[in-house]
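The following note sets out points for a colleague who is examining this structure.

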Amino acid sequence: SSWLRSTSRGAGVSDSAGKNSDRVQLTFPKDENGSADRFIPVWKKALTAEESHADQAEKKGDTFQWKDGGSVEYNGRTWLVGTYEDNSGISTMLFTDVEPGSVYVLISNFDQHKKEAEALLSSIEFPDDMAKAVAEHAKSRFRASRSGIRGSHAASHAQSLNDRAPNTGEGR
């Protein structure tokens, strides 16, 4: 089971093991073009939502036409919004504070999945202690995959999403 809980039925959850255990991937049902867009929450232990938002704005900048989208509220939780464009279309990033740090959610082509995305955002629940939840989640994944790596790597910084797509075939 993942550190991210959602009561929404519209999306499938797949976990990342190892050094990406601070990342979970949810996939929306495939659209008519056969492309499954992703909903990827990433935990940033050391950054507040505001800092993480600024960090992404700086990274995406002019290259990806970063736009600051203000803030929105789902189910009493406030999210800062930013959008950027790349060859897969428009991606929306939403940032919210958790304990400790913050989580951002990357949603590709938000508008095409508005209903499911908003259902997910409204139903998402974060653990009271993210550090503990991610570490425990990573440990159980390590036992399952019998890899020799220790759980401390789990809390290591997730690579920026641009570096590579998460490997979903790990530890299965």
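**Salt bridges, strands and cores**

1. Lys-114 and Glu-118 form a salt bridge in which the closest N and O atoms are 3.4 Å apart. The two residues are 4 residues apart in helix 2 (residues 114-123), so about one helical turn separates them. Lys-114 is partly exposed, with a relative accessible area of 40%, and Glu-118 is partly exposed as well, at 27%. It should be kept in mind that the model is predicted.

2. How many salt bridges does the count come to? The count comes to 3 salt bridges. One of them joins the side chains of Lys-59 and Asp-55, at 3.1 Å from N to O. Lys-59 and Asp-55 are 4 residues apart in helix 1 (residues 49-60), and are therefore separated by about one helical turn. Lys-59 counts as partly exposed at 44% relative accessibility, and Asp-55 counts as partly exposed at 24%.

3. A further salt bridge is formed by Lys-67 and Glu-85, whose closest N and O atoms are 4.0 Å apart. The cut-off for a salt bridge is a side-chain nitrogen of Lys or Arg within 4 Å of a carboxyl oxygen of Asp or Glu. Because Lys-67 lies in strand 4 (residues 67-74) and Glu-85 in strand 5, the pair ties together parts that are 18 residues apart in sequence. Lys-67 is partly exposed at 47% relative accessibility, and Glu-85 is partly exposed with a relative accessible area of 32%.

4. Strand 5 (residues 77-86) pairs with strand 6 (residues 89-97) in the antiparallel sense, over 7 bridges. Within this pairing, Gly-82 has Met-93 of strand 6 as its bridge partner. The two strands, strand 5 and strand 6, form a hairpin with 2 residues between them.

5. Strand 6 also pairs with strand 7 (residues 102-108), in the antiparallel sense and over 7 bridges. Here the bridge partner of Leu-94 is Val-105 in strand 7. The hairpin of strand 6 and strand 7 has 4 residues between the strands, and in this hairpin Gly-101 takes a positive phi near 85°.

6. Ser-102 is found in strand 7. Is Ser-102 buried or exposed? Ser-102 is buried, with a relative accessible area of 0%. A polar atom of the Ser-102 side chain lies 3.5 Å from the backbone oxygen of Thr-48. Leaving aside neighbours within four places in sequence, the residues in contact with Ser-102 include Val-42, Trp-43, Leu-47, Thr-48, Ala-49, Ser-52 and Thr-96.

7. The largest nonpolar core has 18 residues, and Ile-107 and Leu-121 are those with the most contacts inside it. Strand 3 (38-44), strand 5, strand 7, helix 2 and helix 3 (130-145) each supply at least two residues of this core. A second, separate core has 9 residues, among them Val-42, Trp-66, Tyr-84 and Leu-106. In soluble globular proteins, nonpolar side chains tend to be buried together.

8. The structure holds 3 aromatic pairs. Phe-64 and Tyr-84 form one of them, an edge-to-face pair with 5.8 Å from centre to centre and 70° between the planes. Phe-64 counts as partly exposed at 24% relative accessibility, whereas Tyr-84 is buried, with a relative accessible area of 4%.

9. The rings of Trp-79 and Phe-126 have centres 6.2 Å apart and planes at 55°, so this pair is tilted. Trp-79 lies in strand 5 and Phe-126 in the loop between helix 2 and helix 3, 47 residues apart, and the pair thus links distant parts of the chain. Both Trp-79 and Phe-126 are buried.

Methods:
Residues are numbered from 1 along each chain as its sequence is written. This is a predicted model: local features need pLDDT of at least 70, side-chain atom pairs count only at pLDDT 80 or more; totals for chains, interfaces and linings use all residues. Side-chain values use heavy atoms; hydrogens and water are left out. Two strands pair if DSSP finds at least two bridges between them. Buried means under 20% relative accessible area, exposed over 50%, partly exposed in between (1.4 Å probe, protein chains only). A polar contact is a pair of N or O atoms within 3.5 Å; within protein, one must be able to donate a hydrogen and the other to accept it, and residues adjacent in sequence count only if both atoms are side-chain atoms. Contact means heavy atoms within 4.5 Å. A nonpolar core is a set of buried Ala, Val, Leu, Ile, Met, Phe, Trp, Tyr and Cys residues joined through side-chain atoms within 4.5 Å. Rings of Phe, Tyr and Trp (its six-membered ring) pair if their centres lie within 6.5 Å; planes under 30 degrees apart count as stacked, over 60 as edge-to-face and the rest as tilted.
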